[in-house]
Amino acid sequence: MSHHQSATGGHTESFADQVRAIPGGEHLEKCYACGTCVGQCLIQQKVEPTYNPRRLLRLVMMDMRDEAFQSPTTWLCSACDLCYPACPQEIHISGVIGAVKQLAVQAGYQSPLTPARVDTATCFACGTCIEVCPYKAITRVESQVEVPVPLAKGRTMSVQKEHAQVNPNLCMSCGLCASSCLASCITLDGYTDTQVDEQARALNWSPGWSVQGGEGWSPHVLVFICNWSTRAEADMAYLDSPPPGVRVLRVPCSGRVTPTFLVTALQKGIDGVMVIGCQPGECHYQHGNKVEQARLALTRNLLDLLGFEQERIRFAWMPTDSRRELAKLFEQMMSHVRELGAVTWRPELG
Amino acid sequence: MSILDDLRRTVANELESLDGVVALRQDGLNVAPYLYHQGDDLAVLVITPRFPLAQTVDLLLDAHPEAHLGIVALGCDERALKELANWHQVDLARVRVIGVPCTGEQAVECRCGEPYPSTIVVGEQVKGVEDRVLAEFLTTHTQEERLAFWRAQFAKCIKCYGCRDICPLCFCNTCALEEDHWVGRGRVEPPFPTYHLIKAMHTAGSGKCTQCGECERVCPAYIPLTLLYALLRHDVKRLFGYETGASVTDKPPVFRFEAAGS
């Protein structure tokens, strides 16, 4: 199946021709395989060593269709476009990869990622997730759904209703939908509200931690950090053994963090919460960081209206080319919280 | 001719081309929402006390997917309908608004800036009220005073969910305020500020608050919820340029990924 019959018949259309025919795939042949894109790519560095846009483009040029369709490069590119400005040939590489992915889906291949999951019984099709999804992976559909019978425990009935539906081949598992849904009808496995809460509870805070402040009090800070926002080895090692008083929870994107995560942490007696995302323009999932920034701005305002110190919640950007910035950020946050003192939000250990 | 007589006559006319009109009905001492059909006795149709009818319309339209309904609507009812449309809960093509303005007295009671719908079929439009309480709260209360104020107010909460249940924009099938890991099921009083912060973020913070004031009116503990939500509405407008129910083309702030002006 190396060549496909073209629509006009007669001669055959190569794989490269097909890719070029899809908007985004036009600039395929400009690649001279320098590999600059690979050097920029966070996926190759952090997730999948065999991930390699340069190779994928070669596979297309060499008509190696099945190899290209099975390559992780086809499926894992989130179109963060860090490679785009670096490419000396100005190839919009994520566009080419997107074209290959489109053909792969047409050929019956499926994304290896675990997509967001919709609870069709409770979803009320408001469209928040549809609007916020960076990949237009969610649509509103109508189907026959089993819903619980009101007041009849365990019994269900079948109704025709509208609900959100995730295209598993477009979803990149960022979790922005999950954090935007007011009723948690859409979730991301591994990062459901319950799972994040359990992770936060399981954090091993130092023994003898005094939540009430007073004698022997030292600041405790919880950091939610985007998985993609650190790339320096030193910074990643630093995250594995953060300084005393700091605990780190990793999330797929800063945009997965809901205000509720932060406020419940403070409620439990943690003195400060910081969310770290990628710098504007460098979000791995296009605009997750901006969503989070806007959301936290409003949360901080609300805390201020209620008379709480809004400075206990902070948001920080990490430029992808930063080195050893994390230690500075953490130290700033700690001294900041030290000045604010112990949180007095009716503390209770969760 | 009184306003009420005018209104009843208008509703009778509208019923000729509609499947029904949602309005209030007086039955002895009880007043409740009612779906009027053609030929019904309209002498029992009343407009006080007020009740958020947009929620009733939403439920009726869901139950009768082919129906076209009228609604005797105040300004906040119309804003609620538009907001429900923005959240894909109501199809405005199936709703006809029979607009009634509030009286000056009602506007003062609600501290309402826009006590009238976009079109009015009976009565006189009165001016909106400038909310001095709102404007002064932040300048007259320091951070410590605000905290003391809200702590005392929310300590009265008996977690009856009345504010949520009456809200015309609380349409979720599942509610974060019932999640054990966030607010502790069966716990009274609910955790301050988490419980109230979630409630505020999911209503006014999501651009849903029409300032109808129903949450405060039903609260058995007299918690001044509209003060908090009005302040938050103000922030939503400042940060995201969003005004609840002002338009049916705007996207609510939770749909957006950029603050205004960024």
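**Figure 1. Helices H2(B) and H3(B) are oblique to each other.** The class follows from the angle: under 35 degrees counts as roughly parallel, over 145 as roughly antiparallel, 65 to 115 as roughly perpendicular, and the rest as oblique. The model is predicted; local features need pLDDT of at least 70, side-chain atom pairs count only at pLDDT 80 or more, and totals for chains, interfaces and linings use all residues. Residues are numbered from 1 along each chain as its sequence is written, while chains are lettered from A and ligands numbered from 1 in the order in which they are written. Two packed helices are described by the angle between their axes and the distance between the axes. For H2 (residues 53-63) and H3 (residues 75-86) of chain B, the angle is about 40 degrees and the axes are 8 Å apart. Axes are lines fitted to C-alpha atoms, for helices over the stretch in contact, and angles run from 0 to 180 degrees between N-to-C directions. Helices (H or I, at least four residues) and strands (E, at least two) are DSSP runs, numbered from the N terminus.

**Figure 2. Residues where H2(B) meets H3(B).** H2(B) brings Leu53(B), Ala54(B), Val57(B) and Asp58(B), and H3(B) brings Asp77(B), Ala80(B), Leu81(B) and Leu84(B). Contact requires the C-beta atoms of two residues, placed from the backbone, to lie within 7 Å. Six of the residues are nonpolar, none is polar and two are charged. Here Ala, Val, Leu, Ile, Met, Phe, Trp, Tyr, Cys and Pro count as nonpolar, Asp, Glu, Lys and Arg as charged, and the others, Gly among them, as polar.

**Figure 3. An open, parallel sheet of four strands in chain A.** The strand order is E8-E7-E9-E10. E8 (246-251) and E10 (313-318) of chain A are at the edges with a single partner strand each, so one side of each has no neighbour in the sheet. On average, neighbouring strands are turned by 20 degrees against each other, direction ignored. Strand E7 (residues 221-226) of chain A pairs with E8(A) in the parallel sense over six bridges; two strands pair if DSSP finds at least two bridges between them. Leu222(A) lies opposite Arg247(A) in E8(A).

**Figure 4. Helices packed on the sheet of chain A.** Helix H12 (residues 259-267) of chain A touches E7, E9 (272-278) and E10 of chain A. Helix H14 (residues 325-340) of chain A touches E7, E8, E9 and E10 of chain A. The direction of H12(A) makes about 155 degrees with that of E9(A), and about 155 degrees is also given for H14(A) with E9(A).

**Figure 5. Tyr84(A) in a loop of chain A.** The loop runs between helix H6 (72-76) and helix H7 (93-106) of chain A. Tyr84(A) counts as partly exposed because it has 16 C-beta neighbours inside 10 Å. A residue with 20 or more other C-beta atoms within 10 Å of its own is buried, one with 12 or fewer is exposed, and one in between is partly exposed; C-beta atoms are placed from the backbone. Apart from neighbours within four places in sequence, Tyr84(A) is in contact with His92(A) and Ile93(A). Thr36(A) is 48 residues from Tyr84(A) in sequence and 9.7 Å away in space, C-alpha to C-alpha.

**Figure 6. The contact between chain B and chain A.** Here 40 residues of chain B are in contact with 35 residues of chain A. Elements giving two or more residues to the chain B side are helices H6 (143-154), H8 (180-183), H9 (194-202) and H11 (225-240) of chain B. That side has 24 nonpolar, ten polar and six charged residues. The predictor gives the complex an ipTM of 0.92 and a pTM of 0.91.
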